[in-house]
Amino acid sequence: MTIARVDRPRRAPTAAGRGGADAPSLPRRYRRRSRLTALAFVTPLLAYLAAFYLYPLYRNLDLSLRDYTVRSFVAGDAPFTGWDNVQKVLDDPTFGPAMRHTMVFTFVSIAFQYAIGLALAVFFNRHFRLSTVLRALFLIPWLLPLIVSASTWSWMFNSESGVVNYFLHFFGADPVGWLTSPDWALTSVIVANIWIGIPFNLVILYSGLQNIPAELYEAAALDGAGAWQQFRRITFPLLRPVSAITLLLGLVYTLKVFDLIWIMTKGGPGDASSTLATWSYQLGFGTLLPKFGPGAAVGNILILIALVFGLAYIRVQRRQET
Amino acid sequence: MISTRRTLLAALAAVGTLVPLTACGGGSGSSDSSDGAPSGTYTFWDPYPQLDASSAWGKLVTSCGTKAGVKLKRTPYDTTDLGNKALLAAQQGNAPDVMLVDNPVVSTLVEAGILNKTGDLGLDTKSIQKNIIGAGTIDGDAYGVPIGANTLALYYNKKVLSAAHVDPASVKDWDSLTAALQKVKAAGKKGITFSAINTEEGSFQFLPWFWGAGGDLTQLDSAKGVAALTLWQQWVDKGYAPKDVLQNTQTTAWQEFATGDYAFGENGTWQLGNADKAGFDYGIINIPGQKGGSAPVPTGGEFVTVPVQEDTARYDVSKKIVTCLTSDENLLPTDTTLMYVAPTSAVQAEQVKQNPKLKPWVDAVAAARGRTSGGLGTKYPTISQPMWTAVQAALSGSKSPQDALAAAQSSAQKG
């Protein structure tokens, strides 16, 4: 909910508050002290960011630019090789499919998560009897540990004894190798991921809906707008800032989804459902002989993609404000 | 100015959410290790999280520490985790004093330069069977002492076979095995289950067939390798083996066999205890080679190793601990608990005396090969990964066995 609020259009100019602090009438000593206090407040955050964000990022970049073997990893004397690892990764026959799967996985997941999440949010905004209970039930996928939900999906999709094929059999259809056929594996993990992502979209969009004043709907109703017109002309445009942040966060979360795919298919069969995230893990930790350099390079490519979308989001948002 | 700051913040936030994924590389080695000084506490890692401190194994570890005059702190890790944990710990300079690792990991750790030669430590490995210690031998030097060995064979369900009128003794080569599977399927039962998952387990299970055809790991796409993969692929295509072998670990493959519907299951020594609980009559045959005889099987099992320490004075105690853990009188109960075949012929004879059912396994281990043996060493992992990918591609129908193995060979050559 806080996220939604941060991104609402700014109201009054904040300049008034800032002008007060910078006013030259204040005694110098007071100003220095307040600056020190401010610094004291910021230091823990900076230390935290440095220790948990900047250093790992730096390490990852370092890993990807050096030729790490197991020996040089332990000894710490890996030679600097520049873009060799990145080049190696880009030339690898796994790169193309992994990139394609990552994009398909991310965009299809987000499209469905958002559409279903929005539909449910609008639905629950009507406050019918039991709506709170039902809404709470929809949050369950979010509360379950991922290992539980992923294992359950994997069991349901099992080609021999899975409940999904059992139902298909019930209706006279042939069993499908959900996780064992290269044509279906990616679809299956996407379906599971959509199910897991719906609550996140539902909660944020629902809280966005709560911020839309009810008068607007009353006025629209008086003017004779139907339910669909109300949704199209009021709900959707006013929900745009919340939607944008939901989609951006969803994008970043989905890009890096690893555990779900790893538990369900390990990127298989072959590399039919491998994404950049699973491939990065596969390179770094999936075999007996870790390849840290190329693994880190794939991780950096993922970060770059997320960064590009983050910047695009900011751009769009800035254009909306002006 | 405000907007740049916000840009930066948002960018940081976007990047930040991704960091947990990539940060694993930096790793924080476990902090519980000893620092140099002979404090009287020695550390010991093993891959048996299923055995707690009150188990026979847990007690043996403690008592070996006590006998060496120190307190031995044992930390069990998941097998797949242990190799990377050891690398990270060595990088941080806090590797354990004694470590039990899966045999194919030994060559990786040797490559990293973090294991001591058994010869330098003065450990005696003369009585150990050559092919078992082979997996931990690089350029003629052993880097660990095997605690025991396990390997693969075919379990069969007597009831299913007799219902399909198949005599297990008639299964002597691939053709007769396939014919048996065909009969079983015609009788309305399921043929065979194994693990073809895209991890090391999948390669481990494929190797007996690959080697049984005469395949050579340095040339994956030879006609012999293709023959082995074609065998598996046809079993899946014809429905003799289920499609979900692609997802099966060796444990889930066992669970399938334990349902009682399957005629055969490829699995290891370690399932013997579960086999007795399965509730049906079972038998064991060695995995047949393509044209008859027993196929060479890969050795499994762990090695006791002594990682390099800054304080070399610690090795004396470490050596005592290793000697204690691998002494004949301690190997017997350990290998009985773990359902392993002992690495020395003296203990093997004792094991067979106690449990005659182990006889086929002792024979299988005698014919087994280390995956990293024969000078492969750390080349093995770069071959194994393309190999399991090829198995997956062929069994799922996305490539022909020939194409899949050709792709695997080219990727294995790149390393």
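1. Basis of the note. The structure is a predicted model, in which local features need pLDDT of at least 70 and side-chain atom pairs count only at pLDDT 80 or more, while totals for chains, interfaces and linings use all residues. Residues are numbered from 1 along each chain as its sequence is written, and chains are lettered from A and ligands numbered from 1 in the order in which they are written.

2. Domains of chain B. Domain 1 covers 41-146 + 300-366 and domain 2 covers 152-297 + 375-414; such bounds come from an automatic or database domain assignment. The C-alpha centres of these two domains of chain B are 29 Å apart.

3. Contacts between the domains. In chain B, 14 residues of domain 1 are in contact with 14 residues of domain 2, where contact means that the C-beta atoms, placed from the backbone, lie within 7 Å. On the domain 1 side, α4 (103-111) and α16 (359-366) of chain B each give two or more residues; helices are DSSP runs (H or I, at least four residues), numbered from the N terminus. The largest share of that side, four residues, belongs to α4(B).

4. Contacts with chain A. Here 48 residues of chain B are in contact with 49 residues of chain A. The elements of chain B that give two or more residues to its side are α1 (2-22), α3 (79-91), α4 and α17 (379-395). Of these, α1(B) provides the largest share, 13 residues.

Methods
Two residues are in contact if their C-beta atoms, placed from the backbone, lie within 7 Å.
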